[in-house]
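Thanks, everyone. I'll keep this short. Have a look at the model first.

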Amino acid sequence: MQLYNSLTKRKEPFSPFGPFVTLYVCGVTPYDTTHLGHAFTYVTFDVLVRYLEARGYRVCYTQNVTDIDDDILRKAREVGKAWDELGREQTEAFVRDMADLNVRPPDFYPRATWVIPYIIKITQALVERGFAYVREGNVYYRVHADPEFGKLSRMDYAEMLRVANQRGNNPDDPLKDDPLDFVLWQAAQPGEPSWESPWGPGRPGWHIECSAMSLQFLGATLDIHGGGADLLFPHHECEIAQSEKFTGQRPFVRWWVHVAMVRKDGEKMSKSLGNLVLVRDLLNAGFSPDAIRLNLLHHHYRQPWEWNADEQEEAQAWADDLTGALAVAGGTGTPLDAAPFRRAFEAALADDLNAPRAVEALRQLAAAVRQAAGEGCDVRDAQRTLRDLGHVLGLRFGEPPAPAVVEGWRRLLKTGTRNPERTP
Ligand SMILES: [Zn+2]
């Protein structure tokens with residue numbers, strides 16, 4: 001398989017480092033409802049996992065929950081709820097949306113608050129090695145001590161600072177030596193939750209949470225680290241810096257995979273702009289999970305796109321058409337050979353997960369099934385192929401989500417691990 005790597009900016013033949021593929025995907029910050037931008041990211045990685053497994057790989061998949069963060073604390077204050085209660089509710093709502101879309105659960109589903117001791121350990125090591133400094137109970141990463149900082153985004157200093165400032169950086173913090181230095185640990189503020197640390201009570205910075213969870217659950221070198229394209233900088237840049245300086249091992253990640261943004265009304269779909277299309281609303285409006293997945297998957301994951309209602313309607317027609325093709329009865333004539341369609345489908349996904357071409361191959365197979373059935377051919381084998389390939393895209397052909405998906409997510413909510421014997 002050729003998989004595009006955001007670090008090298010080219011497609012590279014994929015193979016895992018160890019006996020199985022390790023995958024980490026940045027999860028949600030549970031303070032608001034799942035929109036199509038989230039769904040595009042998690043459905044993309046769901047198809048990647050399904051495809052790798054169909055090719056015989058074993059995948060170990062960790063997705064996190066950023067359950068302590070500025071956004072959650074702000075939103076909790078706004079709605080007058082406890083921060084952890086809000087996080088629990090919103091995580092449950094996200095999980096319901098994922099299960100309804102037949103997105104398979106990851107193997108591990110850690111919350112940032114579960115790994116505070118490891119976050120402290122990493123931060124301590126970075127201070128000892130001169131990559132971080134302590135100021136009044138806060139700990140900052142010293143960007144200038146790291147000549148490799150910027151290797152993922154390939155931006156110059158001014159550009160990094162500009163983008164970081166748009167995405168949560170505080171350049172005016174008087175305690176920082178450099179406005180681009182970022183927080184590893186922040187001193188407790190009145191009314192905020194805090195944990196004990198060698199620097200006094202406080203809570204972790206955002207970036208260090210993902211470094212800690214990926215290192216703790218998957219090890220020092222990950223095969224694939226994914227997330228939305230807006231996480232590339234500063235979040236993933238900072239993750240590389242912290243992780244590689246802590247473990248001394250490189251690379252922290254072999255393939256960086258970023259999923260493009262979904263727009264609406266010409267702007268990135270985001271809470272702050274108020275232009276969200278919610279998964280729950282589409283389901284309530286009667287669109288089937290298959291139709292929502294097909295609408296997402298007929299866009300390439302690296303290509304930003306604009307959501308519109310007409311395309312969603314069209315995708316519903318495709319979903320109905322695929323399901324209908326499974327139900328047509330053929331004759332006893334020459335069997336329809338589905339092999340060329342299977343080859344086209346597999347070649348599409350092998351080429352940097354080209355789901356739009358894979359969807360096209362499925363639709364052509366469905367059309368061929370209908371035509372051959374009309375001509376009295378035996379289509380049963382071709383229908384089996386259609387169903388098998390559809391499953392690689394996570395389609396259910398009108399059936400409810402797979403019970404293992406629903407049960408797996410339910411267990412993750414409780415224990416953080418899909419299989420009880422694989423405790424973290
Ligand atoms: Zn992350």
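Start with a charge over a ring. Arginine 302 lies over the face of tyrosine 4, at 3.8 Å from the ring centre. Keep in mind that this is a predicted model. There is another case of this kind. Arginine 58 has its charged end over the ring of phenylalanine 20, 4.6 Å from the centre of that ring.

Now ring against ring. How many aromatic pairs does the structure hold? The count is 15. Take phenylalanine 14 and tyrosine 57. Their centres are 6.2 Å apart, with 80 degrees between the planes, and the pair is edge-to-face. Phenylalanine 14 sits in the loop between β2 and β3, and tyrosine 57 in the loop between α1 and β4, so this pair ties together parts 43 residues apart in sequence. Buried or exposed? Phenylalanine 14 is buried, at 6% relative accessibility. Tyrosine 57 is partly exposed, at 25%.

Next pair: phenylalanine 94 and tryptophan 409. The centres are 6.5 Å apart and the planes make 85 degrees; planes over 60 degrees apart count as edge-to-face, so this pair is edge-to-face. Phenylalanine 94 belongs to helix α3 and tryptophan 409 to helix α14, 315 residues apart. Both residues are buried. They also belong to one aromatic cluster, together with Tyr42 and Tyr109.

On to the metal. Which residues coordinate the zinc ion? They are Cys26 through SG, Cys210 through SG and His235 through NE2, at 2.0 to 2.1 Å. The spacing of these donor residues in sequence is C-x183-C-x24-H. Cysteine 26 lies in the loop between β3 and α1, while cysteine 210 is in helix α6, so the two tie together parts that are 184 residues apart in sequence.

Four strands form an open sheet in the order β4-β3-β9-β10, with parallel pairing. On average, neighbouring strands are turned by 20 degrees against each other, direction ignored. Between β3 and β4, which run parallel, there are five bridges. Tyrosine 24 has threonine 62, in β4, as its bridge partner.

Two helices to mention here. α1 packs on the sheet and touches β3, β4, β9 and β10; its direction makes about 165 degrees with that of β4. α6 packs on the sheet too, touching β3, β4 and β9, at about 155 degrees to the direction of β3. Helix α6 is also where cysteine 210 sits.

That's it from me.

Technical notes
Residues are numbered from 1 along each chain as its sequence is written. This is a predicted model: local features need pLDDT of at least 70, side-chain atom pairs count only at pLDDT 80 or more; totals for chains, interfaces and linings use all residues. Side-chain values use heavy atoms; hydrogens and water are left out. Rings of Phe, Tyr and Trp (its six-membered ring) pair if their centres lie within 6.5 Å; planes under 30 degrees apart count as stacked, over 60 as edge-to-face and the rest as tilted. Buried means under 20% relative accessible area, exposed over 50%, partly exposed in between (1.4 Å probe, protein chains only). A charge sits over a ring if NZ of Lys or CZ of Arg is within 6 Å of the ring centre and within 35 degrees of the ring normal. Donors are N, O and S atoms within 2.8 Å of the metal (3.2 Å for Na, K and Ca); water is not among the atoms, so sites may look incomplete. Two strands pair if DSSP finds at least two bridges between them. Axes are lines fitted to C-alpha atoms, for helices over the stretch in contact, and angles run from 0 to 180 degrees between N-to-C directions. Contact means heavy atoms within 4.5 Å.
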